[in-house]
Amino acid sequence: MDPHLAESPEIVELKMKTHLTVEAEPYEFTLDPASTALIVIDMQRDFILPGGFGDFLGNKVELLHPAIEPTRRVLAACRQRRLTVLYTREGHRPDLSDCPPSKRERGRLKIKIGDEGPMGRVLVRGEYGHDIIDELSPLPTETVIDKPGKGAFFATDLDLILRNIGISSLIVTGVTSEVCVQTTTREANDRGYRCLVLEDCVASYFPEFQRAALDMIKAQGGIVGWVSTSARFLDAFENLG
Ligand code: TIU
């Protein structure tokens, strides 16, 4: 685009009509809905319900539940406004060929990744526990990225897909804040994506890690990204009319 044209009053006015400004920390986050995707990270039964991987690790899974309803509202608003919506799921092939032995051994668990549990084989693709919770089910048209690691860019085609559809900003939701959410946000930031994490749409098994993970993202002028809330994000949509 002609750089002079980019600064013309017509373009400025058009941007004001099409861009959203979300109150955030360390400062406001401006986004163009056409180049922004909502990413819902690992809202899987295996992390959120009793009898799954999160439970077997010794966690209180109910600590993740407050993120469900705000995420449902954000998802509905993004779908209504036709934003791209993507999901991720952490898990492995049934033969576990993509699960590092070091990951499987970690924690000395009684029921390990790949073992049979109450919701099927733990963190294995195609099993009931591996799938997204009912409240946040993806639509058939929405992309679901299956990832073997904590970060959604590691050993997946997420970056290729985002670039092919012209996405440069991500609205980040999901679990857990200091593990898959933080790893993915850092990976995205290093690849040049602008990330807005909605603090009530992410959750941790550890309240102190929830706070610290969010603080680390927005500190130092937003060294990893921006942090806001679902209410402030939804307000920005309302103001667009
Ligand atoms: N254990 C924990 O906090 N998280 C994970 O193992 N995976 C994700 O965060 N998805």
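**View 1. Arginine side chains over aromatic rings.** A charge is taken to sit over a ring if NZ of Lys or CZ of Arg is within 6 Å of the ring centre and within 35 degrees of the ring normal. In this predicted model, Arg194 lies over the face of Trp226, 5.2 Å from the ring centre. Arg45 lies over the face of Tyr128, and here the figure is 3.7 Å from the ring centre. Trp226 also belongs to an aromatic cluster, which it forms with Tyr27 and Phe29.

**View 2. The aromatic pair Phe47 and Phe53.** Rings pair if their centres lie within 6.5 Å, and planes over 60 degrees apart count as edge-to-face. The count by this rule is six aromatic pairs. In one of them, the ring centres of Phe47 and Phe53 are 6.1 Å apart and the planes stand at 80 degrees, so the pair is edge-to-face. Phe47 and Phe53 are both buried. Both residues are also found around the ligand.

**View 3. The aromatic pair Phe233 and Phe237 in helix H10.** The ring centres of Phe233 and Phe237 lie 4.9 Å apart with their planes at 85 degrees, and the pair is therefore edge-to-face. Helix H10 covers residues 230-240; Phe233 and Phe237 are four residues apart in it, so about one helical turn separates them. Phe233 has 0% relative accessibility and therefore counts as buried. Phe237 is buried as well, at a relative accessible area of 3%.

View 4. Residues around the ligand include Leu57, Glu90, Lys150, Val175, Val179 and Tyr205. Asp42, Thr176 and Cys180 are also among them. An N or O atom in the side chain of Asp42 is 2.7 Å from a nitrogen atom of the ligand. For the side chain of Thr176, an N or O atom is 2.8 Å from a ligand oxygen atom. Cys180 contributes a backbone N or O atom, which lies 3.2 Å from an oxygen atom of the ligand. The ligand taken alone exposes 290 Å², of which the protein buries 93%.

View 5. Helix H5 runs over residues 68-80 and has 13 residues. From its first C-alpha to its last, H5 reaches 18 Å, close to the 18 Å expected at 1.5 Å a residue. Buried residues in H5 include Ile68, Pro70, Thr71 and Val74. Leu75, Ala77 and Cys78 of H5 are buried too. Arg82 follows H5 and has a positive phi, near 60 degrees.

Definitions and conventions: Residues are numbered from 1 along each chain as its sequence is written. This is a predicted model: local features need pLDDT of at least 70, side-chain atom pairs count only at pLDDT 80 or more; totals for chains, interfaces and linings use all residues. Side-chain values use heavy atoms; hydrogens and water are left out. Rings of Phe, Tyr and Trp (its six-membered ring) pair if their centres lie within 6.5 Å; planes under 30 degrees apart count as stacked, over 60 as edge-to-face and the rest as tilted. Buried means under 20% relative accessible area, exposed over 50%, partly exposed in between (1.4 Å probe, protein chains only). Helices (H or I, at least four residues) and strands (E, at least two) are DSSP runs, numbered from the N terminus. A residue is near a molecule or strand if one of its heavy atoms lies within 4 Å of it. A polar contact is a pair of N or O atoms within 3.5 Å; within protein, one must be able to donate a hydrogen and the other to accept it, and residues adjacent in sequence count only if both atoms are side-chain atoms. Accessible areas come from the Shrake-Rupley method with a 1.4 Å probe; for residues, only the protein chains shown count as cover. The expected span of a helix is 1.5 Å times one less than its number of residues.
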